[in-house]
Amino acid sequence: TDAYIAAMEKARVLNAYVAETPDKACDMAKASDARIAAGKAGALEGLPLGIKDLYATKGVHTQACSHILDGFKPTYESTVSANLWADGAVMLGKLNMDEFAMGSSNETSHYGAVINPWRRNGSDVNLVPGGSSGGSAAAVAARLCLGATATDTGGSIRQPAAFTGTTGIKPTYGRCSRWGLVAFASSLDQAGPIARDVRDAAILLKSMASVDLKDTTSVDMPVPDYEAAIGKSVKGLRIGIPKEYRLDGMPAEIDALWQKGIDILREAGAEIVNISLPHTKYALPAYYIVAPAEASSNLARYDGVRYGLRVPGSDIVDMYENTRAAGFGAEVKRRILIGTYVLSAGYYDAYYLRAQKVRTLIKRDFETVYAEGVDAILTPATPSAAFGIGEKADADPVEMYLNDVFTVTVNMAGLPGLAVPAGLSAEGLPLGLQLIGRPFDEETLFTLGAAIE
Ligand code: GLN
């Protein structure tokens, strides 16, 4: 813990943490020492972790990196972080993220961009770590924590993991409790870890996952010993390669990375099968209707009365307007506007209802291939390596949304998805592959991920 606290102080330039909690960390570490001495060590005893700012942490800075939650310190702990502490883990602090988890580059944070510890060969241009869990990914990559919590609504665990050479898993919807996570899009949000390798991700997920009476969408299923899945043979596993993920204009090195993953799994004894997920092309537009719709509803609670920031006004409505105008950043406002529009009378049928129908079709695409005996699906995690800070943020927002083209389908279908580092780009940047599994079969993803890493 001392070593990580010292590393965090030295690496503040990366802006990975928005709150450091060294005193709390030392207290927790001392309590860990005592439990170890008493022979009562938990599964994560003494392991120092960073927590994404989206997780409610009792008495500690929890703002989803938004100005509107200024000063908010919850009186309760999220179930997932409580599970980690119950197993003996130590909290180092809260990690930077896109405001309310809306973004793919960590540039929408009220606390500013996070710098990816990786750079292009011979370049001093600062790159994004991906988003929205950019602080989590950068902190793990720069060794500013042993592992981190993250969340994934449309790719926010897998894309930053891919951009930083770390491993991240979005578990099946319902595997982890959402209680105490600041809500973005409730039917898509899932908690999960970003870790240094597949084994660490497996160990962390085992501790994070649980059914929870405080989240009725969490699922009562035994949580397997994920670590035991590592090192198992992949022989005979059927791996689907979806042709729709081979995008026009995809960089050759992404294609080559995908082929490398295919070759590794084939040589290890897996059976490679070509599959079709015909509704893939509709996933991104449908996601950018469903997610903002749910966000516009979830974010209605920030009214200047209940939490954080309050900007006075001549009457209460004026106060609401002033608070929301000052408290939300541009991307969050864009989502609220889109969401309110697609849910409004007259447009609901044309947009929201149709997006929900598309969502069902996407889910059925996966059900069909799994029913045909496919065990997991292999795709690239992202369409490119990490890009420069400011490079896409200043462009058309749709340009940024295109980052999520390989990841959003998984959230729409509620499936588990693992991002695992698989090589470097020509410029020396990490590139990741994505493994998509059957519902609640995270184990197969850990087995396959370990064979690739
Ligand atoms: N980049 C996507 C978005 O902005 C996904 C974010 C996430 O998974 N939290 O909505």
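A residue counts as buried if 20 or more other C-beta atoms lie within 10 Å of its own. The model discussed here is predicted.

Q: What makes strand S2 (residues 48-52) largely enclosed by the rest of the structure?
A: Five of the five residues of S2 are buried, so the strand is largely enclosed. Pro48, Gly50 and Lys52 lie on one side, Leu49 and Ile51 lie on the other, and all are buried, which leaves both faces covered.

Q: Why are S2 and strand S4 (residues 147-152) said to pair?
A: Pairing requires at least two bridges, and S2 and S4 have two bridges, so they pair. Their sense is parallel, and Gly50 stands opposite Ala148 in S4.

Q: What joins S2 to strand S3 (residues 90-95), and in which sense do they pair?
A: Five bridges join S2 and S3, in the parallel sense. Ile51 has Lys94 of S3 as its bridge partner. With helix H3 (residues 79-86), S2 and S3 make a right-handed β-α-β unit.

Q: Which residues of H10 are buried, and why are they placed on the same side?
A: Val332, Arg335, Ile336, Gly339 and Val342 are buried in H10. They cover an arc of only 140 degrees around the axis, which puts them on the same side of H10. On the other side of H10, Ala330 and Leu337 are exposed.

How values were computed: Residues numbered from 1 in each chain as written. Predicted model: local features only at pLDDT ≥ 70, side-chain atom pairs only at ≥ 80, totals over all residues. Buried ≥ 20, exposed ≤ 12 C-beta atoms within 10 Å, placed from the backbone. Helix = DSSP H or I, 4+ residues; strand = E, 2+ residues; numbered from the N terminus. Arc of directions from axis to C-beta. Right-handed = clockwise from strand over helix to strand, strands pointing away.
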